[in-house]
Amino acid sequence: MFIVNTLILSTYMAGSVTQVALKTIALEAASISGLAEYINADFEKAVQTIAQCKGRIVVSGIGKSAIIAQKIVATFNSTGTPSIFLHAADAIHGDLGMVQQEDVVIIISKSGESPEIKVLVPLIRNFKNPIIAIVGNTGSYLAKNANIILNTTVEQEACPNNLAPTTSTTAQMVMGDVLAVCLMELKGFQPDDFAKFHPGGQLGKKLYLKCVDLYAGNAKPKVLATQSLKEVIVEISSKQLGITAVVNEQGNLLGIITDGDLRRMLEKNVSIEKSTAGDIMTKNPKTIGPDELAVEALDLLRKYGISQLAVSAAGKYLGIVHVHDLIREGLI
């Protein structure tokens with residue numbers, strides 16, 4: 001148990017914490033920028049090997065490297081590269097059965113000399129699966145027995161004792177990200193593809209939720225251009241969206257009237273008895289198509305400082321998207 005002198009601690013806190021923080025950030029940044037010199041023919045071969053894999057990508061490691069392996073698996077899966085995590089310790093106690101004939105195996109290790117790794121590698125080699133090593137020691141057992149080496153050597157850990165994995169795990173994680181991004185480019189992975197793997201939460205909704213999913217559940221306020229202002233007020237009030245569309249007999253959108261338009265009309269002392277919807281409507285209003293993404297509707301609402309958008313297709317009025325719809329769906 002460490003007993004810290006209060007005076008010493010306060011003196012340390014005065015400036016040393018900031019210095020240590022900045023030094024740590026600099027070391028972490030150096031571990032990332034240093035990877036640039038390791039992007040070579042072996043890296044290209046690794047990307048091609050993974051891209052051509054007919055099975056899954058099995059990513060394994062031990063200790064902190066195992067945690068990085070799980071993150072890489074999550075990134076691969078979400079970007080269209082089917083992957084599974086295999087803990088190196090569990091692999092030699094039964095889980096090795098998850099490795100199939102057409103899988104590619106990535107093994108992550110800083111030293112490349114962990115006992116579990118030394119047991120696992122020969123077993124994988126016996127299965128004839130390609131081994132890609134993400135390793136910080138190119139002279140290690142893992143490196144010598146891998147088909148492809150991705151070098152993640154760092155000069156030192158950010159840990160003051162140069163022991164706790166810090167910069168080395170940062171380098172491993174970034175190398176995984178680089179692989180994933182290169183694979184996305186190679187496969188032509190698009191936002192629509194991304195949406196398939198992220199259907200839940202705010203991110204998923206931004207990628208797949210469309211305007212038709214929003215306005216279909218709303219009331220559909222509308223009046224004819226010839227209708228009276230009293231009828232307009234009743235329509236806006238009853239449909240509770242703060243707006244009504246103005247249409248012709250064929251259902252074509254001619255304009256819109258908002259509750260704000262009504263207030264501004266009253267301020268001008270316009271005759272309520274003589275005016276019609278067509279007299280006060282906003283012509284050529286901002287509209288959006290039913291198949292446009294909801295997030296695009298949000299962009300238009302923000303851009304023009306409005307709360308509602310009329311939805312139309314081929315000139316036909318379909319409904320209203322309200323800012324409350326976007327709030328309800330968690331996009332705001």
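Biologist: How many helices and strands does the protein have?

Modeller: The model is predicted. Its secondary structure comprises both element types, and the count is 16 helices and 12 strands.

Biologist: What percentage of the residues in the protein is buried?

Modeller: A residue counts as buried when its relative accessible area is under 20%. The protein has 332 residues, and the buried share of them is 42%.

Biologist: Which class does Cys-182 fall into at its relative accessibility?

Modeller: The class between the buried limit of 20% and the exposed limit of 50% is partly exposed. Cys-182 has a relative accessibility of 29%, so its class is partly exposed.

Biologist: Why are the buried residues of α6 on the same side of the helix?

Modeller: Helix α6 spans residues 115-127, and its buried residues are Ile-117, Leu-120, Val-121 and Ile-124. They lie on the same side of α6 because they cover, around the axis, an arc of only 110°.

Biologist: Which exposed residues does the face of α6 turned away from its buried side carry?

Modeller: The buried side of α6 is covered by elements including β1 (57-61), β3 (104-109) and β4 (131-135). On the face turned away from that side, the exposed residues are Pro-115 and Asn-126.

Biologist: Which residue just after α6 takes a positive phi?

Modeller: Helix α6 ends at residue 127. Just after α6, a positive phi of about 70° is taken by Lys-128.

Definitions and conventions
Residues are numbered from 1 along each chain as its sequence is written. This is a predicted model: local features need pLDDT of at least 70, side-chain atom pairs count only at pLDDT 80 or more; totals for chains, interfaces and linings use all residues. Side-chain values use heavy atoms; hydrogens and water are left out. Helices (H or I, at least four residues) and strands (E, at least two) are DSSP runs, numbered from the N terminus. Buried means under 20% relative accessible area, exposed over 50%, partly exposed in between (1.4 Å probe, protein chains only). The arc is that of the directions from the helix axis to the C-beta atoms. Contact means heavy atoms within 4.5 Å.
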